[in-house]
Amino acid sequence: MPPARASAGRSRLLIVAVVILVIALIAVSAYALIPKQTAKLPIELWYNNSNHYGSTEVAVALALQNSIASCGKVQVTLKSDVWTAYKTRWTQQQMPMFLLGWYPDYFDTDDYISPFLAISGAKSEGSFYNNSQVDQWVRDEASTSDPAIRADRFAKIQAALVEDVPYIPLWSGAAQVAYVNGVQNVELHPVSYKWFIVNKPGATQLNASTSDHIIDLDPASAYDFMSIEVINQVFDTLLVYDAKNTTLLPGLATRVPTVANGDVSADGKSYTFHLRQGVTFSDGTQFNSSVMKRSIDRTMRLDLAGSAAFLLYDVGALRADHLAGNSATGVIDTPDPYNITFHLFSPVSFFNQLMAFSVSAPVPWNYNPSGKQPSTVGSVIGTGPYVLTTHTLDSLVVLDKNPTYYKPNLYAVDGISSVPVMNRVVINIRSSDAALKQDIETKTVDVAFRTISPVDLADLQARQSSLGITVKLGSSPQIRFLVFNVNLIPDKRVRQAIAYSVDRGAINSLVFLGQATPLYSMVPSDLPFASPVFQGRYGDAQCASANALLSQAGYAIELQRELVAVARDR
Amino acid sequence: MARDGSLLAYVLARMALAIPMLLILLTAVFIVLRVLPGDPILALWGGHTPPQPAIDAARQQLGLDQPIPVQYVTYLRNIFTGNFGLSIGETYRGQSVWTQISTRFPATLEIAIGGMAVASLVGIPLGVLGGSNRDKPIDLAVRMFGTIIWVIPIFWLGLVLQLVFGVWLQWLPANGRWTGADTPCSVPSSCAVRTGMYTVDSLIEGNLGHFVNAVAHLILPSVTLGLVLSGFFAKTVRANMLRTVSADFTEAARARGVPRRAIVYRHAFKNALVPVVTVLGLQFAILFAGAVLTEKTFSIEGIGILLLNSVTSKDMTMIQGVVVFYATIIVIISLVIDVIGAMIDPRIRL
């Protein structure tokens with residue numbers, strides 16, 4: 001090789017070596033200078049994005065994400081889906097942590113416990129919590145009316161809840177109503193809003209609006225808030241709630257069955273109701289024990305898709321199996337027209353509450369025996385204070401006074417001499433919560449009931465005097481909570497850590513403008529046996545405690561691998 | 001006679017073509033709905049979950065326990081025999097699909113007609129003005145109006161109009177289709193025919209108070225929808241006017257001393273209208289599927305909200321029913337457009 005060419009080759013080699021050296025130096029410097037990310041526990045937080053829980057859900061998810069992530073050791077990824085897919089996902093165990101809500105069927109502590117912590121209930125609600133001891137305690141409390149035993153079992157169950165953390169209770173909702181000044185008897189009842197006690201002095205017609213929709217007015221089918229609301233005005237049940245609280249009063253029955261008065265058997269498996277005589281449906285037909293039995297059998301036999309029939313045959317223990325059809329011979333006994341006895345297959349301590357639920361409302365003998373009854377005027381027939389006189393789908397409901405209502409003095413003890421108070425109630429159904437606000441702002445209606453957004457509600461509250469309206473907030477039986485799929489997040493220390501880091505105050509102030517009530521047990525505070533167990537154990541936004549749990553022996557890194565493995569498997 | 005016959009043959013051929021189109025559409029909808037994630041049956045009970053036998057019974061009641069091919073055949077048979085079935089979604093659970101569609105369609109039709117009327121009254125004259133005054137200030141103003149109004153979010157415009165005229169001034173009702181308990185023709189004996197369109201029904205029963213009530217509720221949604229559409233109308237008409245104003249036949253008319261006004265309105269405008277009618281007609285058809293944002297803003301329960309709620313709850317029977325209904329409407333309106341086009345432009349009939 002000539003010397004000149006050899007020299008040029010060496011120069012090229014030198015240039016290449018220098019370039020490599022410079023690149024290596026840059027890489028090393030960058031590695032040293034760029035801050036290293038510490039390992040964080042990655043968790044998905046799911047929420048519903050199709051307004052199943054209203055328009056605030058994304059804000060709730062963001063507030064939760066922020067409160068958990070701000071502690072520094074958990075990386076929360078938000079994910080969402082429409083309700084149909086959402087429910088499928090939790091059933092198929094695709095969501096490790098998700099937001100859920102609950103509205104009770106019957107106003108008993110059991111309805112805030114068994115659907116979540118009994119083994120079958122926990123599977124349905126997506127936590128897959130499986131604790132046979134807790135399951136036994138749930139069976140114990142559900143089968144006895146002895147307050148001492150129930151108190152003991154509920155205390156033990158709530159202690160297990162706070163230790164194992166399959167759920168984190170977050171807040172209970174606020175019932176809300178806005179009405180024009182002068183309207184009276186607007187009671188935010190914990191179970192059912194009673195239109196038939198509302199009074200507008202000097203008028204015969206009450207105009208109202210709501211953004212809830214009616215799905216079905218057949219008691220055998222209805223299982224949504226507004227349908228049940230209307231049913232509660234048009235139909236009646238054996239037992240009814242007091243005008244202002246959850247005390248059960250006689251309705252179509254003449255007294256409330258108890259062990260003391262002999263109407264409940266000592267083993268808690270037989271309930272006898274003595275029926276009021278001379279009661280007629282609004283079509284003029286008679287109400288008696290045969291009609292009552294036929295109504296209950298009809299609901300169980302039809303077992304309509306999406307209905308609450310299972311509350312009778314499964315929760316209410318009126319059937320020992322899940323075979324279709326009427327109750328077995330002898331289960332519902334009607335010895336005469338005015339007595340009816342239910343023989344349950346297992347003791348149900350809250351059976352009276354089930355008999356106060358709309359699914360137990362008697363319907364006339366000629367109601368469709370093989371399918372659901374149409375929800376049209378003339379086909380919706382009950383014994384309640386009102387009669388349905390107009391029903392335009394998703395737009396308008398008009399209720400007129402039932403001239404044959406059997407018990408106008410129902411709430412005389414509460415100072416309401418005769419119900420229904422107004423001759424006519426007109427309920428406009430709106431498509432949005434903004435429309436409700438406009439309705440009450442312009443006084444197009446006298447009462448706007450459910451659901452005004454927190455921002456609009458705060459605005460109306462601030463302008464109550466100038467608008468001449470009253471905004472009333474009350475406690476709602478609805479609870480909201482986080483669910484952990486314990487199979488996807490099996491280490492309870494992780495769940496406990498997140499329980500420490502959740503900040504209910506931030507959710508309440510940021511999303512609900514202080515209108516919600518922080519919740520520290522799955523049982524709301526106004527129910528018997530409620531104990532705010534999460535408050536004492538975890539409090540709110542306790543990052544130090546949360547991080548201490550997560551930091552134990554490099555735990556977060558191990559868990560991260562575990563979750564990645566789970567994700568890869570799926 | 002021969003010309004009429006050819007038009008009839010054309011109409012029949014178009015109708016025959018609609019059948020395979022409908023079949024393809026139905027099949028696509030059927031497949032898509034079953035591929036999408038989510039089980040509508042599980043969602044029927046909201047956040048509650050009944051025992052498994054109750055879920056199985058529901059699946060059986062609604063025919064969803066059958067193999068997919070059997071479901072498909074049943075579905076087609078039902079559709080072509082006019083049986084739209086019952087809703088299987090959470091929002092309209094168990095309700096008749098046809099009842100929902102037929103109850104809501106009059107509301108949608110009313111705001112569609114109202115919106116089209118406003119859009120035509122505002123958009124077409126503006127388009128003519130702009131097209132016949134090319135590059136003049138008035139043309140510039142029309143172009144700006146067309147662009148700005150067309151891009152305004154319809155719900156925002158609706159909310160502003162609601163706030164101003166419904167809440168602040170309280171000149172017009174802000175929400176719904178009706179105020180009061182006695183909707184038009186609610187007493188069956190008061191009307192020989194009931195259309196469900198409150199404006200029409202109140203005229204049928206001869207009740208002026210009811211008519212005013214119905215029209216008052218229709219004004220804000222119609223103006224909202226119409227104003228937004230008028231931008232599109234103005235731009236479409238203007239573009240076609242520009243084409244016809246400079247066409248040979250208008251030049252010829254001008255050379256013969258025909259007055260400008262007559263050239264614009266008798267020759268240019270009429271010829272510009274043919275493609276405009278096609279576009280506007282299809283826009284009208286789209287509105288039949290529901291002006292969902294307008295309906296939502298003004299709490300009018302029409303087809304748009306029905307479709308929206310059905311999609312989010314994966315209500316397969318309801319979605320299928322609405323799609324069939326909508327497809328039928330499109331076919332009918334397309335035919336009507338063609339006939340109108342033929343009436344405006346004689347060449348089409350040749």
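In the predicted model, 42% of the 350 residues of chain B count as buried. The secondary structure of chain B comprises 14 helices and 0 strands, so that reading along the sequence gives the pattern α-α-α-α-α-α-α-α-α-α-α-α-α-α. The C-alpha trace of chain B extends over about 85 × 55 × 45 Å along its principal axes. Among the contacts in chain B with a separation of 6 or more, 71% are accounted for by residues 24 or more positions apart.

Within chain B, the packing of helix 5 (residues 97-132) on helix 11 (residues 260-288) was examined in detail. Two packed helices are described by the angle between their axes and the distance between the axes. For helix 5 and helix 11 of chain B, the angle is about 150° and the axes lie 11 Å apart. Angles over 145 degrees count as roughly antiparallel, and helix 5 and helix 11 of chain B are therefore roughly antiparallel to each other. Their crossing is right-handed. On the side of helix 5 of chain B, the contact involves Thr108(B), Ala112(B), Gly115(B), Met116(B), Val128(B) and Ser132(B); these meet Val264(B), Phe269(B), Phe284(B), Leu287(B) and Phe288(B) of helix 11 of chain B. By class, the residues of this contact between helix 5 and helix 11 of chain B divide into 8 nonpolar and 3 polar, with no charged residue.

A further site in chain B is Gly176(B), located in the loop between helix 7 (154-168) and helix 8 (198-204) of chain B. Gly176(B) counts as buried because 22 C-beta neighbours lie inside 10 Å, the threshold being 20 or more. Gly176(B) and Ala214(B), 38 residues apart in sequence, are separated by 9.8 Å from C-alpha to C-alpha. When residues up to four places away in sequence are left out, Gly176(B) touches His217(B) and Ser299(B), together with Asn428(A) and Arg430(A).

The contact between the two chains brings together 44 residues of chain A and 46 residues of chain B. On the side of chain A that touches chain B, two or more residues each are given by helix 3 (83-91), strand 3 (97-102), helix 10 (310-315), strand 11, strand 12, strand 13 (424-429) and helix 12 (433-441) of chain A. Helix 3 of chain A gives the most to this side, with 6 residues. The residues of chain A that touch chain B divide into 16 nonpolar, 18 polar and 10 charged.

Strand 3 of chain A, one of the elements on the side that touches chain B, has 5 of its 6 residues buried and is therefore largely enclosed by the rest of the structure. Strand 3 of chain A runs antiparallel to strand 15 (residues 469-484) of chain A, and 6 bridges join the two. Phe98(A) has Val483(A) of strand 15 of chain A as its bridge partner.

Chain A as a whole contains 19 helices and 16 strands. Its C-alpha trace spans about 125 × 55 × 45 Å along the principal axes. Of the 570 residues in chain A, 51% are buried. Residues 24 or more positions apart account for 71% of the contacts in chain A with a separation of 6 or more.

Helix 8 (residues 225-234) of chain A is mostly covered, with 9 of its 10 residues buried. The buried residues are Met226(A), Ser227(A), Ile228(A), Glu229(A), Val230(A), Ile231(A), Asn232(A), Gln233(A) and Val234(A). They pack against strand 5 (205-210), strand 11 (386-392) and strand 12 (396-401) of chain A.

Elsewhere in chain A, 3 strands form an open, antiparallel sheet in the order 8-10-9. Strand 8 (270-274) and strand 9 (332-336) of chain A stand at the edges with a single partner strand each, so one side of each is left without a neighbour in the sheet. From one strand to the next, the twist averages 20°. Strand 8 of chain A is joined by 5 bridges to strand 10 (residues 339-343) of chain A, the two running antiparallel. In this pairing, Ser270(A) stands opposite His343(A) of strand 10 of chain A. Helix 9 (residues 289-302) of chain A packs on the sheet and touches strand 9 and strand 10 of chain A. The direction of helix 9 makes about 170° with that of strand 9 of chain A.

Conventions. Residues are numbered from 1 along each chain as its sequence is written. Chains are lettered from A and ligands numbered from 1 in the order in which they are written. This is a predicted model: local features need pLDDT of at least 70, side-chain atom pairs count only at pLDDT 80 or more; totals for chains, interfaces and linings use all residues. Two strands pair if DSSP finds at least two bridges between them. Helices (H or I, at least four residues) and strands (E, at least two) are DSSP runs, numbered from the N terminus. Axes are lines fitted to C-alpha atoms, for helices over the stretch in contact, and angles run from 0 to 180 degrees between N-to-C directions. Two residues are in contact if their C-beta atoms, placed from the backbone, lie within 7 Å. A residue is buried if 20 or more other C-beta atoms lie within 10 Å of its own, exposed if 12 or fewer, and partly exposed in between; C-beta atoms are placed from the backbone. Angles under 35 degrees count as roughly parallel, over 145 as roughly antiparallel, 65 to 115 as roughly perpendicular and the rest as oblique. A crossing is left-handed if the near helix is turned anticlockwise from the far one by less than a right angle, and right-handed if clockwise. Ala, Val, Leu, Ile, Met, Phe, Trp, Tyr, Cys and Pro count as nonpolar, Asp, Glu, Lys and Arg as charged, and the others, Gly among them, as polar.
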